[in-house]
Amino acid sequence: MTWINQVVQGVLLGGYYAVLACGLSLMFGVMRIINLAHGDLVVLAAFIIWLIVEQSGASPFVATLITLPVMALIGWALQRGLLERSLRTGMLVPVLTTFGLAIVLQNAMLQAFGADMRALAPQIGDLAFAGWAIVGEIHVGQLSILIFVAAVLLLGGLHIFLRRTAFGRQIRATAEDADVAELVGVNARATFAAAAALATATTALAGALMAMRAAYDPYSGPVQLIFAFEAVVIGGIGSIWGTLVGGIVLGVAQSLGAQFHAQGFLLAGHAVFLAVLAGRLLVDRIRSGEGLQRTLGLDS
Amino acid sequence: MKGRLLRTEGRSSKIAGLSRRQFVRLAGIGAGGLALGHGMSRALAQTAVIKVGYIAPQTGALASFGEPNPFVLNLIRKTLEGGVSIGGTKYQVQILDRDTQSDPVRAGQLARTLINSDQVDFVLTTSTPETVNPVADTCEAAGVPCLSTGMPWEPWYFGRGAKPGEPSPFKWTYHFGFGTENFSKAYLSQWSGPVATNKKVAFLMPNDADGNALRVIFKPILEKAGYNVIDPGPYENGTTDYSAQITQFKAQQCEIFTTGPIPPDFAVFWRQAAQQGYTRMVKIAQIAKTGLFPSQVEALGSLGPKLATVAFWHPTFPYKSSLTGLSSQQLAAEYEKATGKQWNQMLGTNVALFDAGIAALKSSSDPRNKQALVKALSSLQVTTPVGNLAWGKGPVPNVVPMIFVGAQWVKAAPGSKFGIDLVVTDNADDPNVPVGSKLAAYNG
């Protein structure tokens, strides 16, 4: 029963990771940018939501809806003002740019909001910790379920948007080959900016959920980034449903690892991440015609 | 190694009647004089200046520890505005404050720069081993007096290479901070108070310096005192799901819960414990490390009040700052008035550091002589908000243990500016501290 509980908790945790990861995945899938400031954008969104709640007394859910377009605008401005320029110089500069952006964001948030720890949990009352007893020792938190449902809706919505709408097709085409997309009349620059806006808008949801389930301060971003990054890699970069699968695999691996030993939590997550990464590299090399023996270095 | 060389040279190898250090200083003054002849003559005309370095985290992960510092520095600078007279000479005290950005490597570098470039006479440092230890090590090596606080004394003393039962290896560094003994006394007294339990203790400690120290030192003390300690083992900081530990605590029906996590992790743990129904069986929830600052408890919403903790300073402490003349109560009130923020324990502690530091300067025969200053530190007696500190009485040389009282976070009284309040619930470590109210059960 304990093991079943661990799996259930792991799956629910995976939903949270998926929300955290989907903006990162989108950003990489479309623009080929590993956004190292993703975690800090999540924290920034959480601060904006907190500010709205604090100033107006609005519910955190309403504040999240208001923050979505704000973050989208920030994403658009980042792409136009910063990332687009740095992309012209190759792969490395955008990584450095987002790294620098992360540091600027952290310290700017310290200046603006102070070092205090914040959470939105007090504002949602009992929902933060209310739970349902399912059977026996299995309890699920109402908030965990809410987060999981939000993850499925967000990723499902994105999936439908990218697959079924004309604009989604434009984004996919531009991601595939921006030059060819331009030949058939797509404005690649505008499409990239829209994709960045969309990816950054998801940080509003991620920030809200983080602030409800945990607590944060201006330096909480990098930790969020690690789990998001692992979920993206496990699930397959740029794949929408893959992000959910990746999040769940990561969450279940972690909670099962913790059942073996308390230190197994992070270890199991990192181990699965490395195993998947190594497996992918191996498969890629075999597919590219190097053959299993050469890949493993057995032929020499 | 470099520091030791410098020191022996300073003592023995005199060049033309000057020690090496005096020679270097003279050479420096000479060069400075050449460069700004005009400015130099003006500086000489002024009163003598004592330079005091102050190293603390102001930004980064430890930024909350530094929150009272702008207020404290302002208060101290104002107090020292007219200068201090020591042994008939008037001195200006110049405080050079530096931010470690929560980085231990940078803390050491800052200390080196203060010593080598700014030529400080004295270094004060506070808040966590990551700040204090590298600074103290640098000062010890360079032979510059250093006074510190804001961390437990054992990791300061033994963590920097001292051995139990042997004479202290430290000549230049002094410290005041609570120790395991104060910690155990406060905990055990708090747990044998008005709240009855089944003496089963859920022991959730991370795999970091503090967590492991508590596991090694504190767990056996609990077991000896008759508690049944359930320890699921060290977990890594940054863990986002604790169902494995919670299941174990629930199965064992642990009515006492104790922990020393980083604050964001505790928020996740405690909410999940509530989701899984564990918090409802807890009678005493005793937290350390997290819950030092009000915002960390407020972030827990309705799960925050009635968490028990321990305090090394509280506005009801019957001690005052000898330098500023403010009582603990006045200090907290001034801080809340000036900043609009609720008082926290680092406020009293950091003011105490300046109380002790300036008192040491005053009681030394010559404050700019480093030997005379450490001599003054070794037998210093001073009244500070955190208590009357007196060096030279043990537990080890260089260290004065701070008082540690049991406390509990409660909902603030109606009409208060703040949501929650800390009350003293147990004074086993110092009966002079008034008990504000009895410990209340977490559920009840």
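# Reading strands, helices and contacts

Q: Which residue in β5(B) is the bridge partner of B:Thr126?
A: In this predicted model, the bridge partner of B:Thr126 is B:Thr149, which belongs to β5(B).

Q: How many strands does the open sheet have, and in what order do they stand?
A: There are seven strands, with mixed pairing, and the order in chain B is β2-β3-β1-β4-β5-β6-β14. The ends of that order deserve attention: β2 (84-86) and β14 (399-400) of chain B each have a single partner strand, so one side of each is left without a neighbour in the sheet.

Q: Into which domains is chain B divided?
A: A domain may be written as more than one stretch of residues, as here, where domain 1 of chain B takes 47-178 + 317-400 and domain 2 takes 181-311 + 404-426. Their centres, taken over C-alpha atoms, are separated by 30 Å, and the contact takes seven residues from domain 1 of chain B and ten residues from domain 2 of chain B. On the side of domain 1 that touches domain 2, three residues are nonpolar, four are polar and none is charged.

Q: What helices and strands does chain A have, and why is chain A called as compact as a globular protein of its length?
A: Chain A has twelve helices and two strands, which follow the pattern α-α-α-α-β-β-α-α-α-α-α-α-α-α along the sequence. Its radius of gyration is 20 Å, close to the 19 Å that the globule rule gives for 300 residues, so chain A is as compact as a globular protein of that length. Buried residues make up 52% of the 300 residues in chain A.

Q: How many residues of chain B are in contact with chain A, and which element gives the most?
A: There are 37 residues of chain B in contact with 36 residues of chain A. Elements giving two or more residues to the chain B side are α4 (63-66), α11 (243-251), α12 (263-275) and α13 (294-298) of chain B, and α12(B) gives the most, with eight residues. By class, that side of chain B has 14 nonpolar, 18 polar and five charged residues.

Key. Residues are numbered from 1 along each chain as its sequence is written. Chains are lettered from A and ligands numbered from 1 in the order in which they are written. This is a predicted model: local features need pLDDT of at least 70, side-chain atom pairs count only at pLDDT 80 or more; totals for chains, interfaces and linings use all residues. Two strands pair if DSSP finds at least two bridges between them. Helices (H or I, at least four residues) and strands (E, at least two) are DSSP runs, numbered from the N terminus. The radius of gyration is taken over C-alpha atoms; the globule rule is 2.2 Å times the number of residues to the power 0.38. A residue is buried if 20 or more other C-beta atoms lie within 10 Å of its own, exposed if 12 or fewer, and partly exposed in between; C-beta atoms are placed from the backbone. Domain bounds come from an automatic or database domain assignment. Two residues are in contact if their C-beta atoms, placed from the backbone, lie within 7 Å. Ala, Val, Leu, Ile, Met, Phe, Trp, Tyr, Cys and Pro count as nonpolar, Asp, Glu, Lys and Arg as charged, and the others, Gly among them, as polar.
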